[in-house]
Amino acid sequence: MEKLAPLHHLHPPLQNPLTHKPIKTPTSKLYLDSHSSDDSNVITSLTSVKMMHAQMIKLPQKWNPDAAAKNLISSYLGFGDFWSAAMVFYVALPRNYLKWKSFVEEFKSSAGSLHIVLEVFKELHGKGVVFDSEVYSVALKTCTRVMDIWLGMEIHGCLIKRGFDLDVYLRCALMNFYGRCWGLEKANQVFHEMPNPEALLWNEAIILNLQSEKLQKGVELFRKMQFSFLKAETATIVRVLQACGKMGALNTAKQIHGYVFRFGLDSDVSVCNPLISMYSKNGKLELARRVFDSMENRNTSSWNSMISSYAALGFLNDAWSLFYELESSDMKPDIVTWNCLLSGHFLHGYKEEVLNILQRMQGEGFKPNSSSMTSVLQAISELGFLNMGKETHGYVLRNGFDCDVYVGTSLVDMYVKNHSLTSAQAVFDNMKNRNIFAWNSLVSGYSFKGMFEDALKLLNQMEKEGIKPDLVTWNGMISGYAMWGCGKEALAVLHQTKSLGLTPNVVSWTALISGCSQAGNNRDSLKFFAQMQQEGVMPNSASITCLLRACASLSLLQKGKEIHCLSIRNGFIEDVFVATALIDMYSKSSSLKNAHKVFRRIQNKTLASWNCMIMGFAIFGLGKEAISVFNEMQKAGVGPDAITFTALLSACKNSGLIGEGWKYFDSMITDYSIVPRLEHYCCMVDLLGRAGYLDEAWDLIHTMPLKPDATIWGALLGSCRIHKNLEFAETAAKNLFKLEPNNSANYILMMNLYSIFNRWEDMDRLRELMGAAGVRNRQVWSWIQINQRVHVFSSDGKPHPDAGKIYFELYQLVSEMKKLGYVPDVNCVYQNMDEVEKQKILLSHTEKLAITYGLIKMKAGEPIRVIKNTRICSDCHSAAKYISLVKARELFLRDGVRFHHFREGSVPVMISGDKQVLEENVLREFNLKRINVQFHY
């Protein structure tokens, strides 16, 4: 300052009556001079501060100016005289006594308003005080803090008049001011108006753009800075590397890595850590590890960066290996290390392991923090452990984590996903700080439960509280409507978002497609995907996964291949979730060989991938192969879950492997501490019953700790039909009629069994019982896809237009089959009629008609794939074998339980092919010039 007197000539400033508030005298003694503890220097009131200030002016040589200025400010702040504190600060600033940041921190901690600092500045400026550049810089920074946009612009005008606008520090302050108060474009304009900007300005411009998420612009500025032969600060390099990680700009990041080497920064820990993170975010773990291994001096953040990278990308064994190495080093794991492991295991589906890690972490003496609890609550949410969730909620309350908005949101989400909306609402109502995520979680919770009125009430409440529903909010509504079979309403909400100024994105369309798929409306999923393409919205990996799930449910192999092609062309093939969905689709669409090829291509297999492949072998009745994959999974260090054993026991059941089935069932508790569920008991009852061990199946049902449900009794009834055990069958049927009174399949099975024993009166009694209960026979159908059209053959529906040709071809086919030894199994007809009539009825079975139509319409040598909604009878199974032999065709027949594969009269063993060939074959088969695959019906 040019006109202000130095500190020791300054008279004590007058109090501002508007800002000064008397504060209770501090109990501790304050000394104005930090070098003295003489009681003569003690200040105990605001008056004593002013007296001491006056002594400073009279006897300046007695005081240390630096300490005096700091203590004066602290004293004035301590007694609430913020105006005087600010005045002293401005006087001392030109002599570099004080730093602005430390002053602001102290000022705010004393409950002072930064507006007072600006008021003092304006008063001094209004009295004609001439400031230097540093005071203007402080004023601009304060304007930025309090968002005083007009005073900041006035200061800018003063700078131009005084010629200070070219000062590099003031330019930095101006850029920050405009960046926060007027937008990034204005800040960039200030930068570009500077002729030949210095390195400091370049660094400031780059960081401002990166902080505003203008990553491309920030990286571009960094590149231009290098062309100007200026050196970037370490903080700038770190920010640019982080931006490259977010953008996936690997080549640019490699160039920056070269820059790091040239300037000798490769030994700087603060640079190496973001390098590790950047390479891992770009999927280059080898390069990340190379950087880590080259570091001479590592800190805990270095170890955490590498462990986090392994865990985030699913290389959990490597993450643990590095964790153990860290434990044996001079440094030790901290809470961040444990949190990396928790989140990594949750992200990759090892939810139960998350709970084990939490227990181990606490055993090591670490207290979980809010980040730990977020991962744990997410795992509990997915596992459906409501009681454990309630216990965790108690821990959260006891430790004060409920104030954390992320923990609170995770609690809401946990209760929502565990179908406890009352508790979710209670947590939500008690949240002091609700973010949009908490609102969205509860809205989606009501929507997913079909409680649309409650969801709409919550939407209205959001708007009343000034929170505008975002696209995620509406996506939750779209998903809920679709999941409850209200596809039209879901589509209407999607279009409604456009009128609200929002643009439905790929997530919106995926919510619609996924919801329809979950509701079993798979054809609607494909139809809506076609609409999504027409609107120019490109799919992501999640939408591809949903479409593959829809194709798997419908066994649409051709459509599945088209989507596989789409995933290859869009670069989704490396996504483990897409790959897992492909395994499922190919398995359920009778292409087990392709499913196995996709499985072998996955480098980092998740538990879901292993489970999907085991189930693929199971539905084809290849139990030995399923067990082989399970053994391979164990060698890879992947632990099984309950789903794994469902798949494994299903494989044993469909292959008749009784010994292996008992072995794995017993090992669930003894070796893996997994408590068998109803689906596991169902597999065992079915396995024993089908093999003829009905007494053992009966004993298992009566000794199991769970109450038998319809699946258990259904498995027993099916086995009784095979082995003609009427006694057990009647008991099973009696239970099924209570549990599933409207399921016609149970009545049909029992009537079929009565017909075997010629108990026609009992059959009539059951038929009357069905009529009285209003139970209708389930429609039986089979279908085959030829080119882009699906042909359905129904037992009760309208006859196929080509029915005459089909029956003519079928009669000739049966004649040829009989020459090779085929004998129609008339026992499959459970009606009181002669054998000739029974043979005619056998010819009308829908799967035979579908297979015959495929022989007529499809090219020679092309595999025939038929889908049936109920189990095939033994006669159709036998006929399919003979058809494959007579016509030298490969047949795939999927019934309500499993696949049946026939080649030249036998059931072939799957042979694994070259895994590199699959993508080439898919692309060759669907050599599409455009990426968007359109679906036609």
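User: Does Tyr-481 count as buried or exposed, by relative accessibility?

Analyst: The model is predicted, and the answer rests on its computed accessibility. The cut-off for buried is under 20% relative accessible area. Tyr-481 has 13% relative accessibility, so Tyr-481 counts as buried.

User: Which residue forms a stacked aromatic pair with Tyr-481?

Analyst: The structure holds 23 aromatic pairs. In one of them, the ring centres are 4.1 Å apart with 15° between the planes, and the partner of Tyr-481 is Phe-452.

User: Which ring does the charged end of Lys-605 sit over?

Analyst: A charge over a ring also occurs at Arg-434, which lies over the face of Phe-428 at 4.4 Å from the ring centre. For Lys-605, the distance to the ring centre is 5.0 Å, and the ring is that of Phe-599.

User: What is the relative direction of helix 30 and helix 31?

Analyst: Helix 30 (residues 541-554) packs on helix 31 (residues 557-569) at an angle of about 165°, with the axes 9 Å apart. Angles over 145 degrees count as roughly antiparallel. Therefore helix 30 and helix 31 are roughly antiparallel.

User: What is the handedness of the crossing of helix 30 and helix 31?

Analyst: Contacts between the two involve residues including Leu-547 and Cys-551 in helix 30, and Ile-563 and Leu-566 in helix 31. The crossing of helix 30 and helix 31 is left-handed.

Technical notes. Residues are numbered from 1 along each chain as its sequence is written. This is a predicted model: local features need pLDDT of at least 70, side-chain atom pairs count only at pLDDT 80 or more; totals for chains, interfaces and linings use all residues. Side-chain values use heavy atoms; hydrogens and water are left out. Rings of Phe, Tyr and Trp (its six-membered ring) pair if their centres lie within 6.5 Å; planes under 30 degrees apart count as stacked, over 60 as edge-to-face and the rest as tilted. Buried means under 20% relative accessible area, exposed over 50%, partly exposed in between (1.4 Å probe, protein chains only). A charge sits over a ring if NZ of Lys or CZ of Arg is within 6 Å of the ring centre and within 35 degrees of the ring normal. Axes are lines fitted to C-alpha atoms, for helices over the stretch in contact, and angles run from 0 to 180 degrees between N-to-C directions. Helices (H or I, at least four residues) and strands (E, at least two) are DSSP runs, numbered from the N terminus. Angles under 35 degrees count as roughly parallel, over 145 as roughly antiparallel, 65 to 115 as roughly perpendicular and the rest as oblique. A crossing is left-handed if the near helix is turned anticlockwise from the far one by less than a right angle, and right-handed if clockwise. Contact means heavy atoms within 4.5 Å.
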